Structure formats: C-alpha cells, structure tokens
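Please find below my note on the model under review.

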Amino acid sequence: MTGPNAIVVVRDRNGKLKDLDWTPDTEVEVRAVALSSPDGLDVLRHSTAHVMAQAVQDLWAESRLGIGPPIENGFYYDFDVERPFQPEDLERIEQRMKEIIKSGQRFQRRVFPSLEAAKEELATEPYKLELVDVKSDIDTDEVMEVGSGELTIYDNIDAKSGEVCWSDLCRGPHLPSTRLIPAFKLMRSAAAYWRGSEKNPQLQRIYGTAWPTRDALKAHLKALEEAAKRDHRRIGEDMDLFAFSKEIGRGLPLWLPNGTIIRDELEGWARKTERKLGYQRVVTPHITQEDLYYLSGHLPYYAEDLYAPIDIDGEKYYLKPMNCPHHHMVYKARPHSYRDLPYKIAEYGTVYRFERSGQLHGTMRTRGFTQNDAHIYCTQEQAKDQFLEVMRMHADYYRALGITDFYMVLALRDPANKDKYHDDEQMWETAERITREAMEESDIPFEIDLGGAAHYGPKVDFMIRAVTGKEFAASTNQVDLYTPQRFGLTYHDSDGTEKPVVVLHRAPLGSHERFTAYLTEHFAGAFPVWLAPEQVRVIPIVDELTDYAREVRDALLDADIRADIDAGDGRLNAKVRTAVTRKIPLIVVVGRREAEERSVTVRDRSGKETPMALDAFVAHVTDLVRTKSLDGAGHLRPETDTAAV
C-alpha cells in the first residue's frame with residue numbers, strides 16, 4: 001500500500017516503534033502506524049535525512065557525518081565538509097536524492113555484535129565514534145543515532161542486486177523503502193556547531209522538509225512564504241524595532257525607540273490590569289549571591305543555563321536567571337498574617353540565561369529578556385480561585401489582541417517514573433487537584449502532557465497558534481507547594497498557627513522580547529493603532545500648508561497620540577507609499593480645503609479615504625487607543641488578509 005495511509009512502522013505493546021520487518025520472539029499484538037500520522041511523519045523525515053546524507057557522501061566522498069534528526073515539519077543533517085554548501089550544491093543533492101528514491105533502496109536494520117565491531121566499521125566517521133563512546137549520556141530526543149540500548153546501523157540495500165549502497169549509525173526505525181518518500185525539498189544550509197557547543201568544530205547543516213503528498217508539500221511551502229513575510233526579524237529591521245550589536249554580544253537585543261514604544265504600551269497595559277486585581281509592584285536586583293540559587297535549586301541542577309559567576313570580594317554572584325527566588329525573599333522580608341493573603345507582587349524583571357548559539361532566534365529566543373512576571377502567595381483554600389483568575393487573565397489578554405486560537409497544556413507527573421520528582425505524594429495530589437479544578441472551571445480547552453511536570457510540581461503552558469499555523473508557547477504557570485517549604489514561606493493563620501503558603505507563578509505576556517516578536521508576526525508589523533510606534537503621519541500637499549500640518553500634529557500630540565509630519569521634498573504619492581511601507585495605521589493628508597475648514601482627509605490601511613473635522617479625528621483616534629481597537633490591524637489569517645496587511 002502506498003500514499004498517505006501507507007503503514008510504515010508498527011508500535012509494540014511497550015509503545016516502541018518497530019520496522020515492518022521486525023520479528024518478535026513471540027506472538028504479540030502491534031498497532032499500525034500510517035505515514036501521515038505524527039509518528040509516521042517523523043519516520044518519513046528521518047528516512048529522508050538518511051537519503052540526503054547518502055546523496056551528500058555520493059557527491060562529496062570526503063564528507064563526514066554528524067547527526068540527522070527529524071524536527072518540526074522537516075529534518076536536518078550535519079556534515080563536516082571542506083567548504084560551505086552553496087545553493088547550486090543543494091540542487092545537485094536534490095537530484096541525487098530523487099535518483100536514490102526512484103531506485104527503491106530498502107532500509108535494513110543491523111545490530112553490531114560488539115562495541116569494538118561498531119568502532120571498527122565507523123573508523124572513518126569521527127563524529128559517529130564520539131556518539132558511540134557517550135551513547136548512554138545522549139539526549140535521545142535530539143540524537144537518533146544512539147541511545148542506552150544496543151548499537152544498530154541501517155544499511156541502504158539495492159533493490160535489484162541486494163548490495164549495500166550506504167550505511168548510517170542509527171536507532172531507527174525507518175521506512176521499508178525509499179520509494180515511500182513521496183514529496184520532499186531541501187530548504188537551506190547553515191553553519192552549526194557539533195552538538196550545539198561553540199567549543200566544538202563548526203559543521204554545515206542542511207535543512208529539508210518531507211510530506212506524505214505533493215499537495216501537502218505545496219501547502220507547507222506556501223505557508224513558509226507567508227511566514228517569511230511575517231518574520232519578526234525582517235519586519236523588526238524594516239520598522240526599526242530592535243537591533244543586535246556584536247560588541248554587546250549575541251542574544252542581547254537593543255530596543256530602538258520604535259520597539260521601546262511597543263514594550264512600554266504592553267507594560268502600561270499590564271500595570272493597569274494588575275493594579276485592578278490587587279498586585280503590587282516590586283523591583284529586584286540583576287545579580288545575586290550564589291546561596292540563593294542553591295536554596296532555589298538552580299544550583300547545581302541548572303548551572304549550564306546560568307552565566308558564569310562573578311567574583312566579588314571572594315563571593316560568587318550570578319546574573320539573575322528568573323525572578324521567582326527574589327520574589328520569595330520579598331515575601332519573606334516581612335511577617336504575614338492570613339489577613340494579608342492573597343499577597344500579589346509583580347515585576348517587569350530582566351533575567352539572563354545562557355542559551356546556546358544555535359538556539360538564538362531574533363528576539364524570539366534571546367539571552368537577556370524582561371518578563372511580565374508575578375507571584376501570588378495565598379492559602380490552599382484561596383489557590384483554586386486565584387489560579388482561575390490567572391487563567392482568565394491570559395484569555396482576556398489574548399482575546400484583546402485578536403488571538404483566538406489558544407489552549408492550555410497541563411503537564412503532570414509520569415506515574416510510571418516518579419524518581420525525577422519530589423516524593424511528597426500528598427503535596428503532588430493537592431497541587432494537581434488545585435490546578436486541574438481551576439483549568440476545568442476556566443472553560444479554556446486543555447490537553448494533558450503526562451511526564452512533563454517540573455520536579456517540584458505540575459505546570460500549565462498556554463499555547464497560542466500563530467496566523468501562519470505555527471504554535472507558540474506564550475507562558476508557563478504553576479501551582480507550587482514545594483518551594484514554600486524550601487524557602488520557609490509561611491503565614492500566621494486565624495488560630496495562631498504558622499502554615500506554609502501556596503505560591504502561584506504566572507507571566508501571561510511572557511517576556512517583552514518573545515511576546516513582541518510574536519505580536520510582530522501576528523500583526524505582520526501592521527500593529528493596531530494603540531500599539532503602533534507611529535500612529536498618525538501628517539502629509540501636507542504643498543509646502544505652504546506645512547504650518548497647518550503642524551497644527552494637526554500638535555493637536556494629536558496634545559491628545560497623547562504619536563504623530564509626525566512628512567514635510568520633505570517629494571511627491572504626495574511617494575510620501576503616502578513611504579508611510580504605507582512603514583505600516584503607519586493612519587495617514588492624514590491636508591490640502592488648502594482642509595486648512596480652510598480645519599479638517600483632515602484620513603487614509604486607513606484599507607486605502608479608504610475619509611474627510612473628517614480635525615476635532616472629530618482627534619476624538620476618533622483617542623477612542624481607538626482607549627478601547628484598544630483592532631480595526632485595520634494585520635492579525636487576519638493569510639487566506640482572509642486584505643490590503644490592511
């Protein structure tokens with residue numbers, strides 16, 4: 001059977017994927033896995049990565065292999081080659097891949113009889129040898145070559161002669177035949193450090209994508225075109241939102257004036273919202289003595305995510321990786337009674353985490369970022385209602401921004417593997433009950449992620465789907481009963497006893513950097529009026545009307561509207577095009593009639609022109625800002641986008 005419903009592997013009773021030629025020792029029940037299923041797609045893409053690696057070594061015999069896992073919507077493979085790949089090289093590789101696929105080579109699993117046998121066969125592949133040596137310490141989510149079990153290799157067998165055409169160290173499984181690869185495309189090449197470390201050699205990575213039908217591939221490529229138009233890095237440069245400087249360092253963005261306006265608007269909105277809900281603002285230091293992070297557990301368990309310590313008077317200080325421990329110390333600075341609870345503290349706190357170079361991505365993934373962070377300290381009796389309030393706060397923010405496609409993921413313990421979590425069973429049951437009850441009452445859809453909990457408790461991720469279809473983890477929220485005991489966070493109850501508080505972690509807008517990147521792509525840079533860096537551009541038709549144009553601008557500035565004038569040389573149409581390119585939501589053109597009547601002609605993003613009295617226009621823009629209107633914003637899905645985008 002061929003096509004998207006073709007059965008490509010099976011899943012055994014233990015949940016492990018097996019090749020179709022797998023022969024169990026005894027009769028067992030298995031589940032068929034189709035090509036178009038999530039697991040089937042992973043097998044398809046990893047098999048295509050093998051074909052690509054075979055093609056590269058056919059064309060460049062001296063190349064050495066790194067790793068080649070499936071990834072979201074595609075795959076990649078790393079190569080050690082004498083020179084970087086060029087676009088014409090990818091075309092050659094694609095052509096060779098098509099020949100391999102057409103020949104119908106079979107993927108066949110082979111077990112190495114010993115470690116020595118594996119090393120002997122892989123003697124010319126230094127990176128594979130390294131994986132063999134450290135196979136038990138490998139992250140098998142990323143590395144397909146080895147794991148904690150037996151060492152295996154996959155041979156690509158010629159369908160006619162039965163000879164081995166090519167082989168690769170791999171855990172598998174794979175498609176039965178290359179002929180089951182219906183549609184693929186190589187996307188690009190890039191430099192990548194071996195195993196993600198800058199201390200290791202730099203390899204060349206080729207990215208590709210593979211799909212169960214040609215139509216699915218075409219749809220994916222079309223979605224990528226739309227995503228490219230909305231890429232926050234491209235729009236951010238065009239609109240002067242942010243910049244990076246090699247003198248400052250990778251992953252540390254500079255917010256330019258336009259981008260800072262968006263940050264300030266979001267922060268002002270959050271402050272106002274939180275004030276209504278009883279939050280109090282705090283400020284905590286950017287560096288902290290190491291003892292705090294031993295208390296919080298960041299040391300030694302998450303040391304690799306922290307920047308190297310700073311020695312001050314013989315003591316070690318670290319750049320702050322998160323605000324939680326500092327907020328706990330704010331709470332602990334004064335005694336608290338049950339009458340004080342819930343006690344809510346919030347901070348736009350800047351934190352620093354050492355992300356690997358390969359993970360950095362514009363402002364979506366940075367090494368320094370400012371979080372919309374807050375912690376709620378409450379009693380167990382208050383916890384459910386407070387967490388429910390947090391859930392609804394998220395939903396209110398998202399809907400106000402035109403984000404309607406979102407859901408939650410509840411990460412729980414894996415009951416079959418409790419060793420990686422703290423062992424207070426009652427505490428776990430209470431935390432899971434509070435979390436689940438709040439989520440069920442929120443009426444927001446949610447899914448269960450078994451085994452995804454933190455070591456100290458369950459967590460809730462808010463997932464939002466971008467207009468391009470890509471999912472985005474906006475924030476993580478937690479009910480925490482474990483940390484209060486480590487920090488000694490208590491309150492005096494009405495009966496005079498001292499009891500531990502419950503801590504709720506929440507950050508509905510995530511980080512400025514990441515959320516602004518998301519919104520830039522969500523709106524395709526066409527921000528609603530209230531968020532737009534420049535809200536109104538005033539253009540006089542002729543130079544002698546510049547004074548009236550200044551009156552219009554000043555009236556807008558007096559109303560706290562961000563406005564500017566284009567009084568430079570150039571034709572009117574060119575000035576309008578410039579304003580449109582800069583994605584300014586409202587363009588005001590003033591001629592002699594407008595000056596005489598104290599009016600304006602307003603052009604919105606749809607291209608529609610409307611004459612209005614100046615006072616009425618100022619009131620109109622003020623109302624758009626006050627209500628956070630989405631009129632004219634670029635948040636529609638591609639198939640329904642209009643000239644507004």
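1. Confidence. The model is a predicted one, in which local features need pLDDT of at least 70 and side-chain atom pairs count only at pLDDT 80 or more, whereas totals for chains, interfaces and linings use all residues. Residues are numbered from 1 along each chain as its sequence is written, and side-chain values use heavy atoms, with hydrogens and water left out.

2. Over residues 136-140 the pLDDT stays under 50, and the model has 8 contacts for them beyond four places in sequence; contact means heavy atoms within 4.5 Å. For residues 639-645 the pLDDT is also below 50, with 12 contacts in the model beyond near neighbours in sequence.

3. Helix packing. Helix α7 (residues 257-276) packs with helix α14 (residues 512-522) at an angle of about 105°, their axes being 11 Å apart. This makes α7 roughly perpendicular to α14, a term that covers angles of 65 to 115 degrees. Axes are lines fitted to C-alpha atoms, for helices over the stretch in contact, and angles run from 0 to 180 degrees between N-to-C directions. Helices (H or I, at least four residues) and strands (E, at least two) are DSSP runs, numbered from the N terminus.

4. Residues at that contact. From α7, I262, R263, L266 and E267 meet H512, E513, F515, T516 and L519 of α14. The contact comprises 4 nonpolar, 2 polar and 3 charged residues. Here Ala, Val, Leu, Ile, Met, Phe, Trp, Tyr, Cys and Pro count as nonpolar, Asp, Glu, Lys and Arg as charged, and the others, Gly among them, as polar.

5. Cavity. The largest cavity has a volume of about 30 Å³. Its lining consists of L266, Y348, N372, L509, G510, S511, H512 and F515, that is, 4 nonpolar, 4 polar and no charged residues. On a 1 Å grid over the protein atoms alone, a cavity is a set of points where a 1.4 Å probe fits but cannot get out, and lining residues have an atom within 4 Å of a point. Volume is the space filled by probe spheres set on the points, which are joined across faces, edges and corners.

6. Strand β18. T350 lies in strand β18 (residues 343-352). Beyond neighbours within four places in sequence, T350 contacts H286, K320, F369 and T370.

7. Backbone geometry. Most residues other than glycine have a negative phi, and most peptide bonds are trans. A cis peptide bond joins G172 and P173, with omega about 0°; P173 is in the loop between β9 (164-169) and β10 (183-193). Another cis peptide bond joins L299 and P300, with omega about 5°, and P300 is in helix α9 (residues 298-301). R195, in the loop between β10 and β11 (202-211), has a positive phi near 55°.

Terms used:
pLDDT = per-residue confidence, 0-100. 1 Å grid on protein atoms, 1.4 Å probe; cavity = no way out; pocket = protein on both sides within 12 Å on 5 of 7 lines; lining within 4 Å. Parallel < 35°, antiparallel > 145°, perpendicular 65-115°, else oblique.
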